[in-house]
Amino acid sequence: MYKILKKRELNSQVTLMELEAPLIAKKAKAGQFVIFRIDEYGERIPLTVADYDREKGSVTIIFQKVGRSTMMLGNLNEGDCILDLVGPLGIPTEIPEGAKKVAVIGGGVGCAIAYPQAKALYNAGIEVDVIAGFRNKDIVILEEEMRAVSTNYYITTDDGSYGTKGFVTNKLQELIDAGNKYDCVIAIGPVPMMKFVCAVTKPYNIKTIVSLNPIMIDGTGMCGGCRVRVGGQIKYACVDGPDFDGHEVDFDELMKRNSAYRDQEAYDREHICRLTGGVRNA
Amino acid sequence: MPNMQLNKTPAAEQEPKIRARNFKEVTSCYTDEEAKNESERCLNCKNKPCVSGCPVGVRIPEFIAKVREGCISEAYDIIKSTNGLPAVCGRVCPQESQCESKCVRGIKGEPVGIGRLERYCADYMADKAKNAEKPEPNGHKVAIIGSGPSGLSCASDLARLGYEVTVFEAFHTAGGVLMYGIPEFRLPKATVLREVDGLKELGVDIRTDMVIGKILSVDELFEQGYEAVFIGTGAGLPNFMNIPGESLVGVFSANEYLTRTNLMKAYLDEYDTPISKNSKVAVVGGGNVAMDAARSALRLGADKVYIVYRRSEEEMPARREEVHHAKEEGIDFRYLTNPTEILGDENGRVRAIKCLSMELTEPDQSGRRGVKPIEGSEHEIEVDAVIMAIGTSPNPLIRSTTPGLETNRRGCFVVDENMLTSREGVYAGGDAVTGAATVILAMGAGKTAAKAIDEYIKNK
């Protein structure tokens with residue numbers, strides 16, 4: 001059992017939880033993920049580690065309540081426990097050696113995963129420009145935290161209700177046009193966002209790392225559900241990733257594969273909201 | 001005077017039409033009368049050929065004699081003295097190529113139903129077996145990585161010798177392939193859990209959610225005071241064919257399909273696990289895993305399920321009984337058929353599998369017959385899901401995080417006859433060494449390793 005030490009609502013849909021998991025906290029590195037299971041009947045859901053505290057023995061996850069399992073997790077409170085937490089899984093992010101200036105781009109809840117990256121880079125003395133993009137002002141998360149670990153922090157909203165109006169790609173293009181030379185770009189967010197960031201960086205040949213979160217079960221290479229095409233080859237996001245060279249990833253195929261259970265998920269969401277509000281056996 | 005009936009005493013089975021739509025066990029346990037009748041077919045041969053066919057050397061004629069006398073508890077103890085998991089082996093061992101293949105009764109008629117009798121003893125004793133007594137601790141710690149058949153049997157033998165054994169399991173439930181791979185209708189999960197509980201009673205500590213190689217390395221296990229490590233991590237990595245279309249939605253590895261179904265219980269309403277609902281399914285492969293996947297698809301509601309296998313029925317590695325059951329349930333076997341491409345619709349979902357018909361070639365030097373495609377035989381089978389059951393490879397998580405562990409070109413650990421790897425104190429066995437094989441061979445390897453580990457620690 002893994003105890004919820006802290007819970008904080010970052011916005012109406014996104015929740016931060018700090019979980020007691022000393023062994024995982026001891027080994028976790030930026031870019032790695034954990035898999036949680038709420039109870040005996042629950043799915044196994046992968047989430048990237050947003051932060052960890054080795055001394056306290058805790059890992060932090062940040063999740064958007066989009067499906068049955070994340071909604072149920074969101075219903076739990078400090079002091080409650082979840083049944084399973086496995087990790088740290090995947091390969092930690094590898095920043096190109098000698099990088100001096102890096103742009104870290106987070107889209108929506110992707111900022112949760114971009115944050116530990118920015119933090120690790122900033123603490124290593126690298127110049128970090130963070131571009132955080134959201135649909136609107138109401139769902140902005142981690143602004144203060146990000147500011148604290150970035151050289152420059154830019155925020156964009158699709159509707160212009162906060163920061164610059166537009167997409168993260170507009171801001172990135174603007175910064176490149178203004179003469180910023182990035183040794184590397186890290187992009188984490190919805191698949192279309194990552195795809196378009198890669199389209200921006202490709203002509204300049206800027207190394208672009210994306211973090212993928214496809215459908216998976218075990219997280220150890222066993223189910224093959226998370227296979228993605230990278231540079232024409234099949235890779236398993238759980239053991240070969242979750243980070244990949246964005247210029248090599250087949251994003252269109254990934255989007256199709258991620259939709260495999262969409263109908264069932266939509267049904268589940270309906271079902272759980274109306275009947276139990278996400279409480280098992282209520 | 002032995003019972004000279006030529007055929008095995010039949011065991012009751014669910015009607016094929018009914019069982020093809022439920023996950024309940026297909027074959028029932030022998031009744032007391034049936035078991036007694038079958039036990040009387042054993043000739044109790046002096047040279048015991050059956051025993052030589054058993055990878056763990058179960059004293060078969062001895063236990064069968066006890067069944068004949070009605071002393072089931074004693075029969076069970078005899079089995080249990082060399083086989084830690086009789087309820088499992090009675091159900092899933094390929095008896096036709098092991099013990100039963102050596103049975104003298106098989107020369108004329110069918111061999112003695114050794115598997116069925118073994119299962120009978122285990123099931124008979126399921127609620128009667130006395131709690132195992134915790135042996136006197138000997139003060140030594142051993143770590144076992146993986147709780148599948150090899151790990152469990154190694155743990156069992158070491159715990160009985162007084163070792164403090166910790167088993168690390170990556171999944172949330174112990175049992176390995178017995179839990180995630182083999183379906184409920186062939187091996188009820190309650191049976192596996194009972195065996196695992198038996199180990200816990202012996203004092204074995206089973207720690208789930210522990211991916212060794214990530215959360216702890218083998219070297220860290222030694223630092224924590226474990227004096228030896230046994231690696232029984234199986235062959236968990238699914239192989240694909242590398243043909244076009246394998247990334248379409250609706251293409252699964254058998255591992256994924258079976259794990260969702262068996263471990264994650266997608267077939268039960270109260271579980272959240274999603275599984276794709278398909279009407280026409282092609283399963284590629286001819287082993288037990290292929291049979292399990294095909295029959296699971298049927299039970300999950302498919303109207304039509306094909307087994308697509310590139311050789312002929314003769315060469316199929318699956319247990320005969322599973323093939324027989326699959327046919328009875330209406331699985332459509334397409335032998336000598338090799339997929340070349342999976343075709344998708346505009347949404348990236350499977351719509352058909354394109355295949356070539358094959359023909360067998362003359363046996364090569366090893367006596368094995370190959371296959372070659374028949375020109376112009378290309379054809380499509382309309383399906384909405386394809387499950388790849390063409391084998392698995394060992395997982396690289398341990399070998400890539402443990403310096404000094406030698407593996408072969410297929411990624412299998414290299415071991416000596418005592419299951420010792422290239423690192424002192426590190427032993428390995430089961431599919432992680434052999435590549436995908438059987439439950440009983442893995443158990444045999446676990447036993448061998450337990451014996452070697454005991455010697456090693458005693459002589460340190």
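A:N205 counts as exposed, at 68% relative accessibility. A:N205 sits in the loop between α6 and β13 of chain A, and its phi is positive, about 60°, although A:N205 is not a glycine. The model described here is predicted.

- Seven strands of chain A form an open sheet, in the order β11-β10-β9-β8-β12-β13-β16, and the pairing is mixed.
- β11 and β16 (243-245) of chain A stand at the edges with a single partner strand each, so one side of each has no neighbour in the sheet.
- Strands of a sheet pair through backbone hydrogen bonds, either parallel or antiparallel.
- β8(A) and β9(A) pair in the parallel sense over seven bridges.
- Between these two strands the chain passes from β8(A) through helix α3 (residues 111-123) of chain A to β9(A), and this β-α-β crossover is right-handed.
- Within the pairing with β9(A), A:V104 has A:V130 as its bridge partner.
- β8(A) is also joined to strand β12 (residues 184-188) of chain A, by five bridges, and the two run parallel.
- A:A103 stands opposite A:V185 of β12(A).
- β12(A) in turn runs parallel to strand β13 (residues 207-211) of chain A, with four bridges joining them.
- In β13(A), A:T208 is the bridge partner of A:V185.

**Strand β8 of chain A**

- Seven of the seven residues of β8(A) are buried, so the strand is largely enclosed by the rest of the structure.
- A:K101, A:A103, A:I105 and A:G107 point one way from β8(A), while A:V102, A:V104 and A:G106 point the other way, and all are buried.

**Helices that lie across the sheet**

- α5(A) lies across β8, β9, β10 and β11 of chain A and runs at about 150° to β9(A).
- The buried residues in helix α5 (residues 168-177) of chain A are A:V168, A:T169, A:K171, A:L172, A:L175 and A:I176.
- These residues cover an arc of only 160° around the axis, which puts them on the same side of α5(A).
- The buried residues of α5(A) pack against β8 (101-107), β9 (127-134), β10 (152-157), β11 (164-165) and α6 (191-201) of chain A.
- A:G179 follows α5(A) and has a positive phi, near 100°.
- α6(A) lies across β8, β12 and β13 of chain A, running at about 165° to β12(A).

- A:Q32 is in the loop between α1 (22-27) and β3 (33-37) of chain A.
- A:Q32 is buried because its relative accessible area is 5%, under the 20% limit for that class.
- The side chain of A:Q32 reaches the backbone nitrogen of A:K29 at 3.0 Å and the backbone oxygen of A:G90 at 2.8 Å.
- Leaving out residues up to four places away in sequence, A:Q32 touches residues including A:P88, A:L89 and A:G90, as well as B:K214 of chain B.

**Cis peptide bonds in chain A**

- A:G87 and A:P88 are joined by a cis peptide bond, with omega about -5°.
- A:P88 belongs to strand β7 (residues 84-89) of chain A.
- A cis peptide bond also leads from A:G241 to A:P242, with omega near 10°.
- A:P242 is in the loop between α7 (237-240) and β16 of chain A.

- B:R260 is part of helix α12 (residues 254-263) of chain B and is buried, with a relative accessible area of 6%.
- The side chain of B:R260 reaches the backbone oxygen of B:P274 at 3.0 Å.
- Not counting residues up to four places away in sequence, B:R260 touches A:I215, A:I217 and A:Y261 of chain A, and B:K265, B:A266, B:T273, B:P274 and B:I275 of chain B.
- The C-alpha atoms of B:R260 and B:T361 are separated by 38 Å, and the two residues are 101 residues apart along the chain.
- B:K265, one of the residues that B:R260 touches, is in the loop between α12 and β7 (280-284) of chain B.
- B:K265 has a positive phi of about 50° although it is not a glycine, and B:K265 is buried, with a relative accessible area of 14%.

Key: Residues are numbered from 1 along each chain as its sequence is written. Chains are lettered from A and ligands numbered from 1 in the order in which they are written. This is a predicted model: local features need pLDDT of at least 70, side-chain atom pairs count only at pLDDT 80 or more; totals for chains, interfaces and linings use all residues. Side-chain values use heavy atoms; hydrogens and water are left out. Buried means under 20% relative accessible area, exposed over 50%, partly exposed in between (1.4 Å probe, protein chains only). Contact means heavy atoms within 4.5 Å. A polar contact is a pair of N or O atoms within 3.5 Å; within protein, one must be able to donate a hydrogen and the other to accept it, and residues adjacent in sequence count only if both atoms are side-chain atoms. The arc is that of the directions from the helix axis to the C-beta atoms. Two strands pair if DSSP finds at least two bridges between them. A crossover is right-handed if, with the strands pointing away from the viewer, the path from the first strand over the helix to the second runs clockwise. Axes are lines fitted to C-alpha atoms, for helices over the stretch in contact, and angles run from 0 to 180 degrees between N-to-C directions.
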